[in-house]
Amino acid sequence: MSKTHRVSRTSIMSVMEEDDSLSVGDNRAEMLIERVVIDDNVMTTIEDVFAGTSVISDTEKVSRILAVRAEVNQNWSQARDSFLAIGRALLDLENVLSKAEYIKLRQGSDRLFPFSDATATQLRRIAKAVSDGVIPLDACPGSYGTAYQITLLNEHQLRVAKERGLIRPDVTRREIASLRKETVIKPEISGRVDVNVLKEEYRKLLRHREKLESEMAAVDSKIQDIRGLLGDLVE
């Protein structure tokens, strides 16, 4: 089958103008044409995906695929910019509040924001990773779930990820999770160990840590109350 590696702008415009979803009251058609990138790699991918069909020889269908690809990429980038902006805003808020106030903020996260504290933590961690250069901005995935997986990589795993070209916008969560599983270093445990006992101890430690954090928050809150009453009398 012969390869068609060039689709004219005129044919793309023609397809879009005939599509009501792209031509009613907006200039999306013109905007998308400006963003359509036609190169050998993209066309080869389309050929591979639609192998055995007549799509690649159908200018109208290829034009439509390219246009939708451009729109998806545009919105995917906007999604990335949005969750990074949220993460940066949450980091800024952490610097404004006292430790006790910040703990209260986290405890009431799902009441103040449209997401849980777990999600807020992920967004902050991603924003910090981008700010620190761990994840280059132009390589940050459009999915915050995937971007968060990258932040969980240790130095060795991150180095391997870069060598394999996995730090890129279109990397999948599965690829990163697979890398983490492949490169995890299991500690050597001497003697016979009861795994169930270790798991139970682990759960107890987590519960104990949560209790300590709650107690610390209460202590910090009380300190703030007393400091407010004493005012300048506090050294």
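Helices here are DSSP runs of H or I with at least four residues, strands are runs of E with at least two, and both are numbered from the N terminus. The model is a predicted one, in which local features need pLDDT of at least 70 and side-chain atom pairs count only at pLDDT 80 or more, while totals for chains, interfaces and linings use all residues. Residues are numbered from 1 along each chain as its sequence is written, and side-chain values use heavy atoms, with hydrogens and water left out.

A place to begin is tryptophan 76, which lies in helix α5, residues 59-96. Tryptophan 76 counts as partly exposed because its relative accessibility is 45%, where buried means under 20% relative accessible area, exposed means over 50%, and partly exposed is in between (1.4 Å probe, protein chains only). Together with Val68 and Val72, Trp76 makes a nonpolar surface patch of about 270 Å². Such a patch is built from residues with over 30% relative accessible area and no salt bridge, nonpolar side chains (Val, Leu, Ile, Met, Phe, Trp, Tyr) being joined within 5 Å and like charges within 9 Å, and the areas come from the Shrake-Rupley method with a 1.4 Å probe, only the protein chains shown counting as cover for residues.

Trp76 also belongs to the lining of the second largest pocket, where Asn73, Trp76, Gly142, Pro169 and Asp170 lie nearest the centre among 13 lining residues. On a 1 Å grid over the protein atoms alone, a pocket is an open set of points with protein on both sides within 12 Å along at least five of seven lines, a cavity is a set of points where a 1.4 Å probe fits but cannot get out, and lining residues have an atom within 4 Å of a point. The second largest pocket holds about 200 Å³ of space, a volume being the space filled by probe spheres set on grid points that are joined across faces, edges and corners. Helix α5 gives the most to this lining, with four residues.

The largest pocket holds about 320 Å³ of space, and α6 and α12 (195-230) each supply at least two residues of its lining. Among the lining residues are Tyr102, Arg106, Asp117, Arg209 and Glu213.

Which residues line the largest cavity? They are Leu90, Leu105, Arg106, Ser109, Phe113, Asp117, Ala120 and Arg124, around about 50 Å³ of space. Helix α8 contributes the largest share of this lining, three residues.

Arg106 and Asp117 therefore deserve a look as a pair: their side chains meet in a salt bridge at 2.9 Å, N to O, a salt bridge being a side-chain nitrogen of Lys or Arg within 4 Å of a carboxyl oxygen of Asp or Glu. Because arginine 106 lies in helix α6 and aspartate 117 in helix α8, the pair ties together parts that are eleven residues apart in sequence. Arginine 106 is partly exposed at 34% relative accessibility, and aspartate 117 is partly exposed at 22%.

A search of the whole structure finds eight salt bridges. One of them joins arginine 168 to glutamate 175, with the closest N and O atoms 3.1 Å apart, and Arg168, Asp170 and Glu175 are linked in a network of salt bridges.
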